[in-house]
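Subject: Structure handover

Hello,

Here is the structure you asked for. Please open it first, then read my notes below.

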Amino acid sequence: MQQTLTRVHDATPAPDAWCNRDDRALDTMVRAQARRQVWRDCVLTAMSMGVHVADHVRALGLLLTYVREQGAPVYAHAALTRGAVESASWLWWLLAEGEPFATRLGRGVAFLVEDATLAIRAAQQVPSAAYMAAPGDGIKRRRQALLDRLEDARIETIADRPGTRLKGVRVVRGGEETSTGTKVSTLVTEAFADLPALYDLLSGTAHARAWGLSDSMSMHGDEAAWSANVIDVSASALTGLWLRSAPERCSPPTEASRTTPASRTCGTSTRTSTKRWSATVVLPAF
C-alpha cells in the first residue's frame, strides 16, 4: 500500500488523464470553489475505501501465510474477503469509469448524504456515560454541516414524498438525479459479474448461516469435525489476489516529466500517515 500511494504522489498524470479532465470540468461548474470542498470530501471517502480494501487483503494474506505451520482458517477468510469486496464494489461505482465528471460527483455526494443519515441512526443507539456524552447530537450537527455545504455549492438534495428522508441529489440543474439508496449487494453483482453468487456465498459464511458453514463440517458417527474447505479458502485467496492487482489496472497514464503542479493534478491533496510511514498523497479524482 505504501508503494502504491508513493507512486501516485510521485507520478504526474498526462494532460488528458481522467483526473485532469475532472478538474477542468469542476472549474466550469457553478460555485466551483464551494464544490471543490465537497469534492474533497468525496475523494477522501474514496481513499479511505481504498485503504479498507488494502487492509483487508493484507490481513487475508497474513492469515494464509502460515497455513503449513498453523493450518488454514475454517471460516475467518470469508469475512475478510467480503469486507474487501464490498469496498472495492463501492469504489467501482464511485469511479464510474467512462462516465462524465458530473456522474462521479453525483455519486460521491449521494454516498455522503446517505452515510450521514446512517451515522445518525447508529449514534442514536449509543447512550451517554459518565465520561462521554451521547454522540447523537454531534453527529446530527455534522450531517447538517454537510447539507449546508451542499446548499452553498448549489447541489440539490431531493426528499421523498413523505419528506422523511433524502432520496437523491442533483449536481446539474435539470440533470439526472442520483439516488442515495444504492445498495452494495447490488453493486457486487455488477462489479464482479464474472464471479456469480460471490457476495451471497461470502455473506453466508460471514453471517454464520447454516448453509454457509456446513461445507466445512463433517460427521463421523456421533462426532462432528470442522476443517478448512479447500475450495472456499482458495476462492478467497484468488479474490484477494484479484483485488491486490486492481490498483495497477486502474492507474491513470502518466508522463515522465513533473511539470504539472501537484496541487492541480487531481484537485486536492492531503497527508496520510500510519505508525510505519507517512507521505503527502495527491488524491486521485474518481
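Start with two helices. The axes of α5 and α8 come within 9 Å and cross at roughly 80°. Axes here are lines fitted to C-alpha atoms, for helices over the stretch in contact, and angles run from 0 to 180 degrees between N-to-C directions. α5 and α8 are therefore roughly perpendicular to each other. The cut-offs: under 35 degrees is roughly parallel, over 145 roughly antiparallel, 65 to 115 roughly perpendicular, and the rest oblique.

Which residues meet there? From α5 come Val85, Glu86, Ser89, Trp90, Trp92 and Trp93, and from α8 come Val184, Leu187, Val188, Glu190 and Ala191. Contact means heavy atoms within 4.5 Å. This contact of α5 with α8 has 8 nonpolar, 1 polar and 2 charged residues. Ala, Val, Leu, Ile, Met, Phe, Trp, Tyr, Cys and Pro count as nonpolar, Asp, Glu, Lys and Arg as charged, and the others, Gly among them, as polar.

A word on the model. It is predicted, so local features need pLDDT of at least 70, side-chain atom pairs count only at pLDDT 80 or more, and totals for chains, interfaces and linings use all residues. Residues are numbered from 1 along each chain as its sequence is written, and side-chain values use heavy atoms, with hydrogens and water left out.

The whole protein

The protein has 12 helices and 9 strands. These are DSSP runs, numbered from the N terminus: helices are H or I with at least four residues, strands are E with at least two. Of the 286 residues in the protein, 38% are buried. Buried means under 20% relative accessible area, exposed means over 50%, and partly exposed lies in between (1.4 Å probe, protein chains only). Take the contacts in the protein with a separation of 6 or more: 63% of them join residues 24 or more positions apart.

Helix α2 (residues 18-27) and helix α3 (residues 32-65) have axes that come within 9 Å. They cross at roughly 140°. α2 and α3 are therefore oblique to each other. Asp23, Leu26 and Asp27 of α2 make the contact with Ala32, Arg35, Arg36 and Trp39 of α3. That contact of α2 with α3 divides into 3 nonpolar, no polar and 4 charged residues.

Now look at the loop between α7 and β2. Ala153 lies in this loop. Is Ala153 buried or exposed? Ala153 counts as buried, at 0% relative accessibility. Leaving aside neighbours within four places in sequence, Ala153 is in contact with Val30, Arg31, Ala34, Arg35 and Val38. Ala153 and Ala32 are 121 residues apart along the chain, yet their C-alpha atoms are separated by 7.5 Å.

Arg154 is also in the loop between α7 and β2 (156-159). Arg154 is exposed, with a relative accessible area of 57%. Its phi is positive, about 55°, although Arg154 is not a glycine. Most residues other than glycine have a negative phi.

Ala197 has a positive phi too, near 65°. Ala197 sits in the loop between α8 (184-191) and α9. At 46% relative accessibility, Ala197 counts as partly exposed.

His77 lies in helix α5. His77 is buried, at 2% relative accessibility. Not counting residues up to four places away in sequence, His77 touches Leu60, Leu63, Asp232, Val233 and Ser236.

Gly136 lies in helix α7 (residues 136-152). Gly136 is buried, with a relative accessible area of 10%. Gly136 and Gln124 are 12 residues apart in sequence, and 4.9 Å apart in space, C-alpha to C-alpha.

The second largest pocket

On a 1 Å grid over the protein atoms alone, a pocket is an open set of points with protein on both sides within 12 Å along at least five of seven lines, and lining residues have an atom within 4 Å of a point. The second largest pocket is lined by 19 residues. Nearest its centre lie Leu198, Leu201, Leu202, Asp232 and Ala235. Which helix gives the most to the lining? α11 does, with 7 residues. α5 (76-95), α9 (198-206), α10 (210-213) and α11 (230-250) each supply at least two residues. The lining of the second largest pocket divides into 11 nonpolar, 5 polar and 3 charged residues.

Best wishes

Terms used: On a 1 Å grid over the protein atoms alone, a cavity is a set of points where a 1.4 Å probe fits but cannot get out, and a pocket is an open set with protein on both sides within 12 Å along at least five of seven lines; lining residues have an atom within 4 Å of a point.
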